[in-house]
Amino acid sequence: GWATPRPQGPLADSISTCKVLVVGAGGIGCELLKNLVLTGFKNIEVIDLDTIDVSNLNRQFLFQKKHVGKSKAQVAKESALQFCPSANITAYHDSIMNPEYNVEFFRKFMLVMNALDNRAARNHVNRMCLAADIPLIESGTAGYLGQVTVIKKGMTECYECQPKPAQKTFPGCTIRNTPSEPIHCIVWAKYLFNQLFGEEDADQEVSPDTADPEAAWNPEETAARATASDKDGDIKRVSTKEWARSTGYDSVKLFNKLFKDDIMYLLTMDKLWKKRKAPTPLDWHQLENSGMLSASPGLKDQQVLDVWGYCQLFQHSVETLRSQLQEKGEGAELVWDKDDPPAMDFVTAAANLRMHIFSMNMKSRFDVKSMAGNIIPAIATTNAVIAGLIVLEGLKILSGELESCRTIFLNKCPNLRKKLLVPCVLDPPSANCYVCASKPEVTVKLNVHKTMVLTLQDKIVKERFGMVAPDVQIEDGKGTILISSEEGETEGNNNKFLSDFGIRNGSRLQADDFLQDYTLLINVLHVEDLERDVEFEVVGEAPDKAPPPQTNQEEVNSITNGNKDSAQPSTSSKAVRRDLVLCQKLSSQADRCAQQISPE
Amino acid sequence: MASTKASKEQKYDRQLRLWGDHGQETLENAHVCLINATATGTEILKNLVLPGIGAFTIVDGHTVTGEDVGNNFFLSKDSIGKNRAQAATELLQELNSDVSGNFVEEGPDKLLDNDSEFFHRFTIVIGVQLPESTCLRLGSVLCSASVPFLVCKTYGLIGYMRLVVQEHTVIESHPDNALEDLRLDQPYAEFQNHIKSYDLDSMEKKDHSHTPWIIIVAKYLEKWLSEHNGQPPKNYKEKEAFRQLIREGIRKNENGVPEDEENFEEAIKNVNTALNPTKIPSAVEDIFNSEQCKNITAQSPSFWVMLRAVKEFVHNEGNGSLPVRGTIPDMIADSQKFINLQNVYREKAMQDAAAVSKHVESLLQSVGKVWPESIPEKDIKLFCKNASFLRVVRCRSLAEEYSVDTVNKDEITSCMDSPDSEMVFYLMLRAVDRFYQQHSRYPGVYNYQVEEDISKLKVCVNSLLQEYINICFLFIHLFCIFGRYICSNLSLRFILGSAAQEAIKIISHQFVPFNNTFLYNAMSQTSATLSL
């Protein structure tokens, strides 16, 4: 036979004795676990909060049909042990962001390997590894593209050194009043699902927003408007869910409220339609009698139905979801899942009807699913290659050869220089990184009279700057505590404005995350005039912008892995799907690197 | 227990987004043969079983050893002593119940002796760690049967893949930055009429700002042409002037301030791509001129029949252009206007495809194939839609690569100019093959053999180089590298799992496979494709 001996000598010893952490047991995680045990790693801990879904089975080979619904970490451990009984694997069915996994926990390991699918967790593990000073191997795949890199405190860029395009969120008014792209309608439909069948969330309102600054209506017109839709007056007083329940989830009533009455109501906000094409309400009975022929029965994923086809799909899915809800009993809630057919049908139908109303081209169920579920294509081969590269980088780290580690990009086809894999030298840490610099600092533009403490906490400190449990104090000489991570200490501040605490232009706030061992100084730059729906802006970073055009599309310029890539998965868009695993290596940069490097 | 269509759709959802239903269908009809269930072999097969190939057959005469179990995830302790094909089939089969797993407990040489047609039945044959003689023999058998052959090897830290396929046709090459096919430079009659139906000046404001940018560019191009002797804007300066012309068309409010008309902005932004002249890509011209296209016979595969039909179309109805693709990009426009415009393109594409279809029919008739022997309409449509992106990959045979007379000396010598080239490893692998042939074992497997084997291998390298090229420094270089690598340890079979990706490209006839040799060096993490 052909001998493929394992590493020998001191490297072999450290492989068999060292403890490593694998964060994520999905596409890359499964491959990685296999590679690690085959390479001779003995002490492996793996953590994943997810459970197994049917759509994982085309690549996550440690799972089988009978495992659907079970913990990924646990099943991955059991399957890997079947193959390699001598390994010592610990599985956690949990979130790595849980406070139990503190700096001490991370210090147990020689090496941490990320096999994650979302930016929030990547940010967090990056910080934990910086705090514990443990080398981290970061990775990601999207379709045929993949990327691996190494992060080591003080030596390399950290995950957050390069600014990444902001996760795109959609302003409430756009979703509720003036959708202009299919994604707006899809987000609306997902909100609607939660409002009707799931957990209600005040941030996910679906009915017309009367406070839209652009509509700037005259209060005297209120009366006229109210009569335009008399039912609407009632709905305002009860929640959407209560109202729906009171109708017994009557699909026709729901339809006419959502797609006729609400739209007619929007039409009365005529300022909105001066420059836009006005929406056209739909009426169930009219459509029913119009003699439109529905598309062939049996929904084919890739075809676009006509309006009546989506009406029927709406009706059918509402009925299915209603009975699902009934089966679950009083007070039950459904959770939206892109891989749950009736939930997906509902969103497809509702989103398409709204697209039609707002003069957009309707989309197939397949496409709606891509956008609604933030789906990134995924296949076994790319994950296998990337997981192989992770182990090779890991071995270099264990051999003490950190300087020979590389960022490696996997291309779809050999590039112009006939390279399928492009290695790039690791960049040194960025001096103004707001995470790994010695005294991280950042400047935020906002309006102190309009920004509430809760917004500062949720949207800025948590979502934008990735803290999990922040404490924020004002550097006003008194150390006033604005936000405390202890429950119940500062909730009273939530709905007050920053200016109520004397915060003004030039004020400095100190934000701390004890778990991440991370302190960030926030300089406040007060501005009166931010754009419509923009709550704040980080100075030095462009606001939401499309990624720059690729000069050479053969190179990977941004890679991601996963589909839950945002704190608010519901507000995902194309921009979100392009989350970067790492610093955004622009194509030209990867090109340049490739030229510089010659094999050692 | 086979899955239903719906449950398959769910299971394969994430990959359908890459190669579509029809790509999946070809995968599900494929029968893949793996020779040698080594760690690399099973890794490759795993990556084909998971996405759901129809069937696989493992050909392997070896018995499972303890060493196999140690490095192969798909062999377990209790399989020691069993036939390796059988043991691996059992575990790989578990990965996907929709795949049918078969095995043959015999080595490839024996099979070739007894029944050389055995291998004709497969969609693709993947051979792992095969000796040179077997590769050559199998290569010629598969070549005559037009079965693609993927040769894979791992050695120390070097990975090697070689694709052997006489002719591989690709309809959907999925190019990254394909230009749109808009025909603005030569609008067809229906498009011209559609453009005429718009009168930008007399439109209501809302309609004006919801007119698709393609119409806007077409309108202003008409105007430009009439003012410039029918010459379109060509250089930067002219294009800038053309953009200005469009910009002036933006409506102004009562104070003379231009309105916010995003569709006009879009038109200005797209001037460059929109003015790209419609022409036949040179790669497509090349295959138009190939023998297979010129000589259509009753045996011609449908790709060539359709290609010839498209060529006929170009010379007749197409007036020198390929069939219209029929798709337009997303743009700012109201639904109705967008759909109307889309229909103009779509209908023209259908017309063109119908014309191509007629050519297909008469071509088939001319070679004596009559109804019901035909090519499905949907295939012709797909072909026409991808007419600009058609590719044909032709790989040299192993016999050509290995023979002293036909070896690609140019490629080898040109690579040797750079001492870091992966070509060194290719030559080294070939030398190792030679060593195996002479000594029936691989060099340096045990430490005590290393010294002795280095000199033996040196002889092999020397003889190989004398056949090809005679470069002294290279020989020394190789010698040094050799001593260092032969004992090196970690297998890079994980990375060679990507051979599965190439197999999927071949099976699905989508995306362009490499041509013809891929080398990966795990020490420097560099890779190269060589044409040998």
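A salt bridge is defined here as a side-chain nitrogen of Lys or Arg within 4 Å of a carboxyl oxygen of Asp or Glu. The structure is a predicted model, in which local features need pLDDT of at least 70 and side-chain atom pairs count only at pLDDT 80 or more, while totals for chains, interfaces and linings use all residues. Residues are numbered from 1 along each chain as its sequence is written, chains are lettered from A in the order in which they are written, and side-chain values use heavy atoms, with hydrogens and water left out.

Across the interface of chain A and chain B, four salt bridges are found. In one between Asp13(B) and Lys369(A), the closest N and O atoms lie 3.0 Å apart. Among the elements that give two or more residues to the side of chain A that touches chain B are helix 15 (365–372) and helix 16 (380–398) of chain A; helices are DSSP runs of H or I with at least four residues, numbered from the N terminus. Helix 16 of chain A supplies the largest share of this side, ten residues. In total, 75 residues of chain A are in contact with 72 residues of chain B, contact meaning heavy atoms within 4.5 Å.
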